[in-house]
Amino acid sequence: MKVDFPAVMDTVRVGLLGLGIVGSQVAERLECQRDLVTERTGGPVELTRVLVRDTAKRRAYLPTAAAITTDPAAVLEDPGIGVIIELMGGMEPARTYIERAIDAGKAVVTANKEVMAHHGPELLDLAKRRGVDVYFEAAVGGGIPLISTFKIDLLANQISRIEAVINGTTNFIIDRMARDGAGFDEALAEAQRLGYAEADPTYDVEGWDAVFKLTIMSSIAFRGRIDPDEVHREGIRGLDPVDFRYARDMGYAIRLLAYARDHGDEVELRVHPALLPQSHLLAAVHDAYNAVVIEGDLVGSVLLYGQGAGGRPTASAVVGDVIDLVLSMRKGIDNRIAVDIARPIRVRAMADVRTAAYLRLHVADRPGVLAEVARILGDLDISISAVVQKQAMVEHAAAELVILTHPAREGDLRTARERLAALETVYAVPAFLRALTPEEAM
Ligand code: NAP
Ligand code: HSE
C-alpha cells in the first residue's frame with residue numbers, strides 16, 4: 001500500500017489505545033494544548049478515537065472530542081487515522097494491534113517495553129517495509145530522553161558501558177525501606193497508588209521491567225538484537241532491611257542495578273540488586289527517579305536523570321514522539337533509527353561475569369571460623385575487601401558475619417556460597433548480593 005504523507009496544513013488524526021495512567025495524560029495534552037501541538041507540528045493534530053476495556057470507568061481525564069470505544073477495529077481500521085498511540089501495556093493484544101496498525105500503513109508511538117524488547121526488530125523491519133515509523137521513547141525511562149540519546153546524540157561513539165537505575169517502582173520501594181524503615185508491601189502499595197507500577201507489579205519487583213528497558217537500550221547502543229530472556233535477572237523481593245544498614249555502614253547504598261558492558265565478542269547484561277559506593281552517581285537516585293550513566297569512547301561519561309515513571313513524565317515522552325513523528329510526516333521524511341538491530345548479539349553467561357560480592361552469614365562464634373571462611377574464599381581466588389562481625393545478632397546463631405569481596409568470577413562466588421553454606425559452623429547464608437567497587441564504578 002502506498003503511504004500518503006499529510007500536506008502541511010492537513011489534519012493528522014490520531015487513535016489512542018488505552019486511557020489509563022499514561023493514556024489519560026497524553027489525551028489531556030493533545031486536547032488541552034492543541035495550539036502548542038499545532039504550532040510545533042505545522043498543522044492540526046486531532047485525537048479522534050480512544051480504545052478502552054470499560055467505557056464506564058472513571059478517568060483522570062476524559063477526552064472531550066474523541067470517541068471512546070471498546071472495539072479495536074473502530075480505531076485500527078479507521079482509514080482517516082494516520083497515527084496510533086499504543087498505551088495499553090502487556091504483550092497481547094498490544095503486539096498484534098501494533099502490527100495491524102503498521103500493516104494498515106499507520107505510524108505508531110508506543111510506551112510498551114515488553115513488546116519492543118521482544119519484538120522491536122521485526123516491528124521496526126515491518127514498519128520500514130510499509131514506509132511508516134515506530135517511535136518508542138517512553139518505553140525506556142519514562143520522561144528521560146534515552147532512546148533519542150542513543151539514536152542520535154551518541155551515534156559517533158563506541159558505547160562501552162551502561163549503568164542504570166531504570167525502574168521507578170523498585171527504587172521507590174528500596175528508598176522507602178532504607179530511609180524510612182517502611183515494609184515492602186506498604187512501599188509497593190504506595191508506588192501503585194502513585195501510578196509508578198505496572199498493571200502487574202511483579203514485572204517491576206522481579207526485575208522484568210528493568211530487563212526489558214536494558215534490552216532496548218543495549219540493542220541500540222551495541223547495535224544488534226538481544227534476547228531479553230538471556231539477560232541475568234534478580235528482583236528485590238529477597239532484600240532484608242538489615243542489609244541496607246550493613247551496606248550503609250560500609251559506605252554503600254543498595255539499588256536495583258541494570259548493567260551492560262561490551263566485551264567485543266559478547267555483551268554482559270544483568271539486572272540485580274547491588275551495593276553501589278555512596279559516591280556513585282546512581283546511589284544518589286531516590287524515590288521513583290531513574291538515572292542512566294553511559295560511557296562512550298568519544299564523549300566519556302554521560303548522565304541522564306529524571307522521572308522514569310508516572311503519567312505526566314511518560315506523557316512528555318509520548319507526546320514528544322507524536323510531535324516529532326507528525327513533523328517528519330509533514331516533511332515527507334522518515335526518522336527511523338539508523339542502527340541495524342537485526343544482528344544477534346551474544347550475551348555473556350552470568351557465571352563468567354566478574355563482580356564483587358556481599359555475603360552475610362550466620363556463624364558459630366568460636367575460634368577458627370573466620371579462618372575456615374577465608375580458606376574457602378582463598379581456594380577459589382576470591383579476595384576479601386572488608387569483614388564486619390556482630391555478636392549475638394540472630395536467633396540460634398552466635399554471630400553475624402558480613403563479607404565484601406574484591407571482584408571475582410561469579411561462578412566461583414556461587415561455588416564459595418555453596419561451600420560456605422555446607423560448613424558445620426555456618427548456620428545460614430541469608431544474603432548474597434553483588435557490588436560495584438569504587439575502582440570499577442564510572
Ligand atoms: P494502565 O494505567 O494499566 O492503562 C492501560 C489502559 O489500556 C487502560 O485504559 C485499559 O483500559 C486499556 N487496555 C488494556 N488492555 C486493553 C485491551 N485488551 N483492550 C482495550 N483496552 C485495554 O497502564 P499505564 O500505566 O498507563 O501504562 C501504559 C503503558 O505505558 C504500558 O506499556 C507501560 O509499561 C508504559 N509505561 C508506563 C509508565 C507509568 O509510569 N505508568 C511509565 C512508562 C511507560 P481500561 O482503563 O478500560 O481498563
Ligand atoms: N513501572 C515502571 C517503573 C514504569 O516503575 O519504572 C516506567 O516504565
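**Note on the two ligand sites**

1. In this model, an oxygen atom of ligand 1 is 2.5 Å from an N or O atom in the side chain of Arg 59, a polar contact being a pair of N or O atoms within 3.5 Å. This is a predicted model, in which local features need pLDDT of at least 70 and side-chain atom pairs count only at pLDDT 80 or more, while totals for chains, interfaces and linings use all residues. Residues are numbered from 1 along each chain as its sequence is written, ligands are numbered from 1 in the order in which they are written, and side-chain values use heavy atoms, with hydrogens and water left out.

2. An oxygen atom of ligand 1 also lies 3.1 Å from an N or O atom in the side chain of Lys 113, and a nitrogen atom of ligand 1 is 3.3 Å from a polar backbone atom of Gly 195. The protein covers 89% of the 900 Å² of accessible area that ligand 1 has on its own (Shrake-Rupley method, 1.4 Å probe).

3. Around ligand 1 there are 25 residues, of which Lys 57, Arg 59, Lys 113, Glu 198 and Gly 310 come nearest; a residue counts as near if one of its heavy atoms lies within 4 Å.

4. For ligand 2, an oxygen atom is 2.7 Å from a polar backbone atom of Gly 168, a nitrogen atom is 2.7 Å from a polar backbone atom of Tyr 196, and a nitrogen atom is 2.7 Å from an N or O atom in the side chain of Asp 204. Taken alone, ligand 2 exposes 250 Å², and the protein buries 94% of that.

5. The residues around ligand 2 include Lys 113, Asn 167, Thr 169, Asp 209 and Lys 213.

Definitions and conventions. Polar contact = N/O pair within 3.5 Å; in protein donor to acceptor, adjacent residues only side chain to side chain.
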